[in-house]
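Keep the structure open as you read.

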Amino acid sequence: MATRSLYAISWQIITDPELPALVRRAYSKGVVLDTWMHGEWQAKITPSAQRRLEVLAPDLAAQVLTEQTTWPAYPFSPLYLTHLFQAVLTSMALFSVHTQSDAERVSHSDVDHALATLQRFAAEEPLGLQAVVRVFHIIWPFEDLNAIRYFRRLPRLEFLSGVSHRPWVQELLADQLSLYLRMGLVKESLTGKGEMLRLTPRGRNFLQEFERILEESGELDWRANQQRWDIFRVMDYDTVFNTVFPNNIEDTQTFLDSLPIQPGMQVLEVGAGTGRVCVDMGLHERVLPGGQVAAVEPSSALVAHLQKKCQDRQVPNVTVVPGQAENLPFESQVFDVSMAVAVLHFTEVEQAVREMARVTKPGGWVGAALPPPQIDVREIPMAALWLRPLSDLAEEFGLPFGDRNGLPPGQVEEAFRKASLQDVTIRQLPFLMTAEDHRAFFTFFVKGAAFFQHTLARLPYRERVHFLYHLEERGRQIASQTQPAEKRHVYYGEAIWGRVPPA
Ligand SMILES: C[S@@+](CC[C@H](N)C(=O)[O-])C[C@H]1O[C@@H](n2cnc3c(N)ncnc32)[C@H](O)[C@@H]1O
């Protein structure tokens, strides 16, 4: 096939205005292809899973070839498509064992589960399995071209091994590279350091289009959010949080005292995390005897943690429910009080408050403890110096410094009013934040709560791991040369509560 037509076909396909919606549907149904973005974790593909992949992938490839739907004249060989489906199933299985079972091995049955998810998605798509081929050809070239752009010149061998940008699923890198070369997206040149790859102006155009699609489909947001809280699988969230915010237990108790929580009540805690509030601070005891706390939490790592905490501490009246504030998994009007501590700034706040009001009984209360309206960690002099490489990187990518950087003043109050809550009351809460334990500070802001994740998510995988390592090391050095007074700052947050109109 002539280079020009291959380029033209691909350009026509990737500028199809339907693509962002296709990516969104795929991700919402579990067809997830950027596994390598998920933290510093990896799982082993067992030999039986490998054998299963080798059986399933050629069948899927054959099916695509017989369906002959779209992507006309694209020269996919059966072997290329076989490798493609092997990679897709592997990515999906890695993602699901990571997020759902926390297992470290991908087994035969995980691959079957991935296949079932893939087939369910394809069955609902007009393009059938071709839809998967399309999504693949957005996500993976984005990763490949983005890595080459980031490094400016990437050794060919490094690219082919996937070591910098996708270390787990290397199939097809050679095939993809030959496609990029034929399409004129990438150029090879021989330097003193061996063969190097770099992007051509055409390659930059393509990358820009991929970026636009991922932006519009919400995939870049999705991958940034996936990073959040995951690290608390391996780090002790409670210690980290209580170290970085040494006064928070006292402040949260003051907030709980302001809510009319009584024995026998049904209380909802949204974004319960590890259960610091519902278990450690005794919220569950405030509703005894007879009352219940429903603890909603989106992070599977934290859900597992909280379930174990409730079991270990023999807390029978807390039920952990996986879910999100914006779409609470409850009927309307079931709780006497719905509350959230240090959560609303991670949500789509109007929708979250509307949902909290919906699930609360008429005459019941909705409350939230909020961190400062704008947490700019650079108010802590040490953090300003320490995190400069992050702010430089954000600037290079044209992104703001910090995501979910607190909520603008008044926004939560406005959300309370829009949700028709009455008697809205607001009190200031002091919020001491300290980087005295620089490891805890780093774990919370950069890794766990992931305030910089949109920036970090743009880095090729291995580079992100290296960058974080160096940044943490830089923190250690700066901490040893910084006076205690320069390591902390008192911000002011708010406690807010309001009442659902009585029936
Ligand atoms: C700073 S932690 C606070 C946890 C707990 N409330 C506490 O005080 O220890 C924020 C929590 O909000 C959760 N979260 C993030 N986005 C959320 C959303 N859209 N809906 C509900 N919870 C969310 C996180 O997973 C995390 O557990």
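Ala, Val, Leu, Ile, Met, Phe, Trp, Tyr, Cys and Pro count as nonpolar here, Asp, Glu, Lys and Arg as charged, and the others, Gly among them, as polar. With those classes, the shell around the ligand has 13 nonpolar, five polar and three charged residues. The model is predicted.

**Ligand surroundings**
- The ligand is surrounded by 21 residues.
- The closest of them are G271, G273, R276, A325 and F346.

**Domains**
- The chain is divided into two parts: domain 1 covers 3-223, and domain 2 covers 233-499.
- Taken over C-alpha atoms, the centres of domain 1 and domain 2 are 34 Å apart.

**Nonpolar cores**
- In soluble globular proteins, nonpolar side chains tend to be buried together.
- The largest nonpolar core in this model has 87 residues.
- Inside this core, the residues with the most contacts are A295, L344, V353 and V412.
- Helix 20 (residues 438-448) gives the core its largest share, six residues.
- A second, separate core has 61 residues, including V32, F85, L118 and F210.

**Helix 15**
- Helix 15 (residues 300-312) has 13 residues, which should span 18 Å at 1.5 Å a residue.
- Buried residues in helix 15 are A301, L302, V303, H305, L306 and C310.
- Their cover includes helix 13 (276-280), strand 7 (292-297) and strand 8 (318-322).
- Just after helix 15, Q314 has a positive phi of about 50 degrees.

**Backbone features in loops**
- The peptide bond from L288 to P289 is cis, and its omega is near 0 degrees.
- P289 sits in the loop between helix 14 (283-286) and strand 7.
- Q333 is not a glycine, yet its phi is positive, near 55 degrees.
- Look for Q333 in the loop between strand 8 and strand 9 (335-341).
- Q333 counts as partly exposed because it has 15 C-beta neighbours inside 10 Å.
- S420, also a residue other than glycine, has a positive phi near 65 degrees.
- The loop that holds S420 runs between helix 19 (411-418) and strand 11 (422-434).
- Is S420 buried or exposed? S420 has 12 other C-beta atoms within 10 Å, and 12 or fewer makes a residue exposed.

- I9 belongs to helix 1 (residues 3-14).
- With 17 other C-beta atoms within 10 Å, I9 is partly exposed.
- I9 and N248 are 239 residues apart along the chain, and their C-alpha atoms are separated by 57 Å.
- R378 lies in the loop between strand 10 (360-370) and helix 17 (381-386).
- R378 is partly exposed because it has 17 C-beta neighbours inside 10 Å.
- R378 touches A383 and A384, again leaving out residues up to four places away in sequence.
- How far apart in space are R378 and H489? They are 111 residues apart in sequence and 9.6 Å apart, C-alpha to C-alpha.

Key. Residues are numbered from 1 along each chain as its sequence is written. This is a predicted model: local features need pLDDT of at least 70, side-chain atom pairs count only at pLDDT 80 or more; totals for chains, interfaces and linings use all residues. A residue is near a molecule or strand if its C-beta atom, placed from the backbone, lies within 6 Å of it. Domain bounds come from an automatic or database domain assignment. A nonpolar core is a set of buried Ala, Val, Leu, Ile, Met, Phe, Trp, Tyr and Cys residues joined through C-beta atoms within 7 Å. A residue is buried if 20 or more other C-beta atoms lie within 10 Å of its own, exposed if 12 or fewer, and partly exposed in between; C-beta atoms are placed from the backbone. Helices (H or I, at least four residues) and strands (E, at least two) are DSSP runs, numbered from the N terminus. Two residues are in contact if their C-beta atoms, placed from the backbone, lie within 7 Å. The expected span of a helix is 1.5 Å times one less than its number of residues.
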